[in-house]
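Subject: A structure for you to look at

Hi,

Here is the structure I said I'd pass on. Have a look at it first, and then read my notes below.

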Amino acid sequence: MQFGFVAHPLTPLQQRLLGVRWLDPPLVVSRHSSRSPARPFARIHLDDPFGRRVTGIVAAVPFLPDQLLGDQDVGVAAISAAVELCHRQGAGVVGLGAVAAMIGGQGKAVARTAPCPVSTGNGFTALAAVESIAQIRRLDHRRAPIGLLGPPGPVANAILEALASRGETVDIVTDRPPRPLQALARRLQAAHHGRIRFVDDVGQVLGPGRILVAASSTGGRIPLSSIPSGSVVVDVAAPQDVEHDCSRRADVLLLDGEYVRLPRPLIGGTWRRVYGWFTGQSRHIFACFAEPMLMALAEDTSVCSVGRKVPGERLGMLANLASEHGFSIDRLHEYGRPVPAQRLKRFLQLSA
């Protein structure tokens with residue numbers, strides 16, 4: 001089975017680079033293009049440990065996040081066209097990346113007319129965040145409650161359910177928890193050993209020994225300069241919740257919560273080499289990008305996820321598939337790069 005992935009620029013600079021690549025003058029000056037919004041961007045290959053190979057196509061739409069979110073009808077049409085393009089190129093499953101998964105009822109509108117299964121990537125993203133938290137717990141044995149910003153969003157709710165199933169106490173940051181979220185919290189508390197509480201200010205879940213998982217769908221909620229020393233923030237997916245209003249801080253561990261290690265390095269010509277040079281990554285990519293690759297290798301689309309709910313058992317199914325095909329969440333990342341062991345050691349000493 002082949003796979004596809006719908007990508008889009010997250011910054012005006014990336015949009016301009018697409019314009020240069022496609023010789024599209026409107027995009028070069030960061031304006032909407034009058035041409036077809038869905039275009040092939042790259043073809044890539046991935047091998048698993050058993051010698052099986054899958055081929056995929058990355059289709060790009062030239063819309064920035066605010067453009068996709070601001071005009072949902074246009075966004076759904078653009079993403080649907082990209083899915084159809086991937087399918088015509090042979091994809092049997094297509095991933096809807098990052099902001100693309102936030103429009104049209106969390107991918108439902110795209111899925112209704114798609115010629116093949118599509119998935120938001122929310123499941124693998126949530127799993128990557130939970131496994132990143134587990135790595136922190138193994139390094140730092142303090143067991144303060146975990147803060148969670150983002151419910152009732154699908155990624156945040158999936159993280160909440162997974163943490164509760166592991167017996168963690170979770171403080172959800174929201175000043176007005178909606179009734180469905182309150183009902184979910186009661187159900188999870190009844191089913192598991194962990195506790196779930198509501199707090200109305202993010203400052204209550206930050207500080208030495210505290211972990212905050214920031215998984216909202218809006219971004220820009222927490223100025224970096226305001227985070228107390230000794231805090232760990234796991235910022236999940238895009239748009240990021242931490243606003244970088246100051247330079248990097250050695251006294252705050254600001255982790256990327258969605259990196260997955262592939263079984264083998266991606267093969268993809270110039271695009272792949274440039275990506276590896278720019279990011280410093282050879283085998284780690286975003287979970288939403290890795291998810292359709294995993295399903296293509298496994299030839300199993302039953303773990304596709306669209307809509308606002310990611311069933312808890314689906315994370316377990318994804319974890320089993322990932323282990324079987326050599327995908328793992330094996331490193332903590334900060335600013336897109338693996339966190340050096342010395343950085344972790346110094347931070348834990350500082351925050352003790």
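To start with, is Pro-40 buried, partly exposed or exposed? With a relative accessible area of 44%, Pro-40 is partly exposed. (Buried means under 20% relative accessible area, exposed means over 50%, and partly exposed is in between, using a 1.4 Å probe and protein chains only.)

Before I go on, two bits of housekeeping. This is a predicted model, so local features need pLDDT of at least 70 and side-chain atom pairs count only at pLDDT 80 or more, while totals for chains, interfaces and linings use all residues. Residues are numbered from 1 along each chain as its sequence is written, and side-chain values use heavy atoms, with hydrogens and water left out.

Back to Pro-40, which sits in strand β2. (Helices, H or I with at least four residues, and strands, E with at least two, are DSSP runs numbered from the N terminus.) Not counting residues up to four places away in sequence, Pro-40 touches Trp-22, Ile-57, Val-58, Ala-59 and Leu-85; contact here means heavy atoms within 4.5 Å. Its C-alpha atom is separated by 13 Å from that of Gly-268, which is 228 residues apart from Pro-40 along the chain.

Now the strands. β2 (residues 39-47) pairs with β3 in the antiparallel sense over eight bridges; two strands pair if DSSP finds at least two bridges between them. Arg-39 has Ala-60 of β3 as its bridge partner. The hairpin of β2 and β3 has five residues between the strands, and Gly-51 takes a positive phi near 85 degrees there. β3 itself (residues 53-60) is mostly covered, with seven of its eight residues buried.

Next, a pair of helices. The axes of α6 (residues 122-139) and α7 (residues 154-165) come within 9 Å and cross at roughly 45 degrees, which makes α6 oblique to α7. (Axes are lines fitted to C-alpha atoms, for helices over the stretch in contact, and angles run from 0 to 180 degrees between N-to-C directions. Under 35 degrees counts as roughly parallel, over 145 as roughly antiparallel, 65 to 115 as roughly perpendicular, and the rest as oblique.) Among the residues making the contact are Ala-129 and Ile-133 of α6 and Ala-158 and Leu-163 of α7.

Most residues other than glycine have a negative phi, and most peptide bonds are trans. Yet the peptide bond from Pro-151 to Pro-152 is cis, with omega near 15 degrees, and Pro-152 lies in the loop between β6 (146-149) and α7. Gln-106 has a positive phi near 55 degrees; it is in the loop between β4 (91-96) and α5 (108-113) and counts as buried at 7% relative accessibility. Glu-299 has a positive phi near 50 degrees and lies in the loop between α10 (287-298) and α11 (312-324), but at 58% relative accessibility Glu-299 counts as exposed.

Last one: which residues does Ser-80 touch, not counting those up to four places away in sequence? They are Val-110 and Thr-113. Ser-80 is in helix α4 (residues 72-88) and counts as buried at 12% relative accessibility.

Cheers
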